[in-house]
Amino acid sequence: MNQHLNSQNPLDYVARQKQLVTIDGATPYFIEGSSGTAFLLLHGWSASAESVRFLASGLAGAGHAVLAPTLPGHGSSNLEMLTVGPVEWNEAARDAAKTLRDNFQSVVVMGVSMGGALAIQLAATSPQLIDGLVTINAPIFMGNSSFASEIVASSADPYLEGWNVPSFFGEPVEEISYPKRHKKSGADLYSMCGLARELLPLVTSPMLVVQSILDPVVPKASADEILARSGAPSKDVLWLEQSYHVSQLDLDRDRIIAAALTFLAAHDL
């Protein structure tokens with residue numbers, strides 16, 4: 001375990017972050033571990049730390065510490081999303097990674113959906129903080145011209161018309177998420193995709209790319225390009241067949257956990 005002057009304890013980080021969250025159940029959390037390895041779990045757009053709870057439980061059950069932040073603007077009001085974007089989300093993720101780096105031997109960042117794009121950005125710009133990278137249905141593009149058009153089209157309504165309830169292979173699982181999403185925040189999502197794509201060649205840590213082949217939100221081609229463009233010295237991939245976009249909540253969630261643990265062992269993390 002590394003101990004630096006002025007280092008922040010993960011529990012202190014969580015306590016500070018909780019002050020920004022007002023929705024019941026959406027608060028960030030930290031789970032102690034015994035292995036010397038810590039996972040930083042980054043949730044998706046308009047979600048919260050609650051959405052990665054199954055992954056957190058599985059990784060913690062294998063003895064690893066888990067820190068799951070709720071990103072700025074999430075877990076409170078969709079209007080808060082108007083005040084934040086890629087810069088603030090990167091700052092929050094970097095702060096969390098620094099906290100883990102000061103307290104654990106190895107740090108692996110795992111991001112879901114937009115959290116995967118954020119994980120790529122973090123690994124690319126702060127390689128000293130990250131020993132391994134796992135992305136789950138991470139978008140570096142979405143291939144959805146109708147969604148892009150709705151964001152920039154002239155309209156008196158500042159909100160997107162709607163966001164479909166996620167599809168499930170298994171029984172539907174509830175997720176805390178904003179039912180209304182502002183167009184400005186949708187543009188921030190696209191910025192996150194573009195930033196991740198540009199930064200991929202700078203990734204230098206081992207990487208596991210997880211992608212649902214039937215994801216209706218993030219196309220399989222996004223994962224193909226992540227694998228092609230990433231500068232990671234080692235690239236593993238897991239294709240999922242029993243989930244759509246929210247794989248971390250669906251039937252494939254145990255496969256994701258198992259693949260992440262195999263990834264750790266393969267790279268001595």
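## Aromatic contacts and ring-facing charges

Lys 220 lies over the face of Trp 239, 4.5 Å from the ring centre. Such a charge counts when NZ of Lys or CZ of Arg is within 6 Å of the ring centre and within 35 degrees of the ring normal. The model is predicted: local features need pLDDT of at least 70, side-chain atom pairs count only at pLDDT 80 or more, and totals for chains, interfaces and linings use all residues. Residues are numbered from 1 along each chain as its sequence is written, and side-chain values use heavy atoms, with hydrogens and water left out.

A search of the whole structure gives four aromatic pairs. Rings of Phe, Tyr and Trp (its six-membered ring) pair if their centres lie within 6.5 Å; planes under 30 degrees apart are stacked, over 60 edge-to-face, the rest tilted. Two of the pairs are tabulated.

| Pair | Centre to centre | Angle between planes | Class |
|---|---|---|---|
| Phe 30 and Phe 104 | 6.2 Å | 55° | tilted |
| Phe 147 and Tyr 190 | 5.8 Å | 35° | tilted |

Phe 30 sits in strand β1 (residues 29–31), and Phe 104 in the loop between α3 (86–101) and β4 (106–112), 74 residues apart. Helices (H or I, at least four residues) and strands (E, at least two) are DSSP runs, numbered from the N terminus. Phe 30 is buried at 14% relative accessibility; Phe 104 is buried at 6%. Buried means under 20% relative accessible area, exposed over 50%, partly exposed in between (1.4 Å probe, protein chains only).

Phe 147 belongs to helix α5 (residues 145–152) and Tyr 190 to helix α6 (residues 183–199), so their pair ties together parts 43 residues apart in sequence. Phe 147 is buried at 7%. Tyr 190 is partly exposed at 26%. Ring pairs join Trp 45, Phe 147 and Tyr 190 into a cluster. The charged end of Arg 181 sits over the Trp 45 ring, 5.1 Å from its centre.
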